[in-house]
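These are my notebook entries on one structure. I record what I looked up, entry by entry.

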Amino acid sequence: MQLTGKEWRQILEDYRRTHPEVTVLDPPDAIQHLHNRQSMLQCVADMNLSNSYGKVDVPRQLVIKKDAASIPDAVTKAGLMLPIVAKPLVADGSAKSHELSLAYDQPSLQKLEPPLVLQEFVNHGGVLFKVYIVGEAIKVVRRFSLPDVCKRELSRIEGVFRFPRVSCAAASADDADLDPGVAELPPQPLLEKLARELRRRLGLRLFNLDIIREHGSRDQFYVIDINYFPGYGKMPEYEHIFTDFLLSLGQSRYKERSS
Ligand SMILES: Nc1ncnc2c1ncn2[C@@H]1O[C@H](COP(=O)(O)OP(=O)(O)OP(=O)(O)O)[C@@H](O)[C@H]1O
Ligand SMILES: [Mg+2]
């Protein structure tokens with residue numbers, strides 16, 4: 001029998017209800033929330049995180065459900081600036097859902113295929129930060145990302161350019177010789193606050209986020225992507241962190257039972 005995603009989630013939810021003794025690390029419905037690029041970043045937008053360590057936003061964005069011909073007008077109305085990154089609305093791990101495009105001019109936007117999220121491209125010096133979250137633990141690494149698009153380039157280039165899944169190709173930038181203003185990791189207290197809030201709002205314990213620093217700024221950050229259960233193999237010290245996480249779950253269960 002072929003099950004739909006929804007039926008499968010229902011089976012898991014039912015199992016969870018009838019087997020309270022089983023620890024469910026993260027509920028399926030909360031995971032589902034991250035499979036839509038619009039709902040994925042909503043928590044970050046709602047949070048309005050801004051303190052003395054920095055400010056965290058999401059890039060200005062627009063959802064286009066259908067009708068590619070309407071995109072240029074919709075983009076003008078929403079005041080979105082070019083270049084624009086177009087991302088399939090659904091991000092479910094399939095190759096197609098991670099095929100992104102970069103659009104350099106307004107008329108070419110009609111060539112895109114909805115349903116999409118259109119996001120302003122934020123120059124960030126070609127480096128992004130991957131923040132891995134495992135329960136209470138946070139680990140951040142630098143990765144190479146798309147290079148900046150300068151004004152001159154923007155005025156000269158026309159069209160829509162597809163780019164393949166960046167995360168698979170992106171090399172670690174941890175040992176690279178980078179401009180210190182680009183390479184500096186986001187402040188730990190800011191990441192801790194962000195991670196704590198996201199854990200609570202998303203109701204999840206195992207995820208990562210891609211965060212970029214606006215080029216030329218010291219403290220303006222944007223979250224561009226959140227993934228559930230990412231490839232933890234790339235997270236330094238993951239064996240220890242994971243073991244500690246699983247042990248802490250066992251211990252809290254034990255405490256619950258003996259109290
Ligand atoms: N708003 C943006 N501004 C600048 N660069 C962006 C923006 N959105 C995405 N990118 C670039 O595109 C890459 C892929 O974007 P994103 O992570 O949203 O897509 P994804 O399909 O989930 O990819 P992946 O699985 O590779 O992380 C990012 O790593 C970054 O280099
Ligand atoms: Mg990503």
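Phe 229 sits in the loop between strand S11 (220-228) and helix H9 (238-258), and its phi is positive, about 40 degrees, although it is not a glycine.

I then looked up Asn 48, in the loop between helix H3 (37-47) and S1. Its phi is near 50 degrees, again positive in a residue other than glycine. Asn 48 is exposed, with 9 other C-beta atoms within 10 Å.

I noted that the model is predicted. The protein averages a pLDDT of 93, and 97% of the residues score at least 70.

Next I traced the open sheet, whose 6 strands follow the order S1-S2-S11-S10-S7-S8 with mixed pairing. Strands S1 (49-51) and S8 (137-144) each have a single partner strand, so one side of each lacks a neighbour in the sheet. Strands S7 (residues 127-134) and S10 (residues 206-213) run antiparallel and are joined by 6 bridges; Ile 133 has Phe 207 in S10 as its bridge partner.

I checked the peptide bonds as well. The bond joining Leu 82 and Pro 83 is cis, with omega about -5 degrees, and Pro 83 lies in the loop between helix H4 (71-78) and strand S4 (84-88). The bond from Pro 114 to Pro 115 is also cis, with omega near 0 degrees.

Methods:
Residues numbered from 1 in each chain as written. Chains lettered and ligands numbered in written order. Predicted model: local features only at pLDDT ≥ 70, side-chain atom pairs only at ≥ 80, totals over all residues. Pairing = 2+ DSSP bridges. Helix = DSSP H or I, 4+ residues; strand = E, 2+ residues; numbered from the N terminus. pLDDT = per-residue confidence, 0-100. Buried ≥ 20, exposed ≤ 12 C-beta atoms within 10 Å, placed from the backbone.
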